[in-house]
Amino acid sequence: MKQATLFMTEKVSYQGGYVWNYLPDMSRRWGEMEASPTMIWIQNPGTPAMGHLFLDAYHATGDEIYYQAAQEVADVLIQCQHASGGWNYMADLAGEY
């Protein structure tokens, strides 16, 4: 589980965010549509689902690596939150947000 978490946080995630599907070589990725490498999906099963998974692993093991992974997810979700308090279904972190 720790090896999978390191792979997800170091190789798959973009600034703590995730999309739905990736090709094995990471050359293409999708949410509801094809996504650029800087896009994340907030709609499930994207970024929030990964955050919940990391928190579940932390609660099961007490290992801080899972808590840190969940914190990265929380940080990117905060970055993408609208001033009104809500979120769009996706976010592109390529430029100013």
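A: Apart from its neighbours within four places in sequence, I40 is in contact with Y14, G17, Y18, V19, T47, V76, C80, M90, A91 and L93. Contact here means heavy atoms within 4.5 Å. This is a predicted model, in which local features need pLDDT of at least 70 and side-chain atom pairs count only at pLDDT 80 or more, while totals for chains, interfaces and linings use all residues. Residues are numbered from 1 along each chain as its sequence is written, and side-chain values use heavy atoms, with hydrogens and water left out.

I40 belongs to the largest nonpolar core, which has 15 residues; Y18, I40, F54 and C80 have the most contacts inside it. A nonpolar core is a set of buried Ala, Val, Leu, Ile, Met, Phe, Trp, Tyr and Cys residues joined through side-chain atoms within 4.5 Å. Buried means under 20% relative accessible area, exposed over 50%, and partly exposed in between, with a 1.4 Å probe and protein chains only. Both α2 and α3 supply at least two residues of this core, and α3 gives the most, with six residues. Helices (H or I, at least four residues) and strands (E, at least two) are DSSP runs, numbered from the N terminus. A second, separate core of five residues includes V19, A35, M39 and W41.

Helix α3 covers residues 64-80, and its 17 residues should span 24 Å at 1.5 Å a residue; the end C-alpha atoms are 25 Å apart, which agrees. The expected span is 1.5 Å times one less than the number of residues. The buried residues of α3 are I65, Y66, A69, A70, V73, V76, L77 and C80. They fall within an arc of 140 degrees when seen down the helix axis, so they line one face of α3. The arc is that of the directions from the helix axis to the C-beta atoms. An α-helix has 3.6 residues a turn, so residues three or four places apart point the same way. The buried residues of α3 pack against α1 (2-12), β4 (39-41), α2 (47-61) and β5 (90-92). At the N-terminal end, D63 caps α3: one of its side-chain oxygens lies 3.0 Å from the backbone nitrogen of I65. The limit for such a polar contact is a pair of N or O atoms within 3.5 Å; within protein, one must be able to donate a hydrogen and the other to accept it, and residues adjacent in sequence count only if both atoms are side-chain atoms.

Helix α1 includes T9, which is buried at a relative accessible area of 18%. Beyond its neighbours within four places in sequence, T9 is in contact with Y18, F54, A69 and E72. Y18 and F54 are among the residues with the most contacts inside the largest core.

Two loops remain to be noted. Q15 lies in the loop between α1 and β1; it has a positive phi of about 55 degrees although it is not a glycine, and it counts as partly exposed at 43% relative accessibility. In the loop between β4 and α2 is P45, joined to N44 by a cis peptide bond with omega about 10 degrees.
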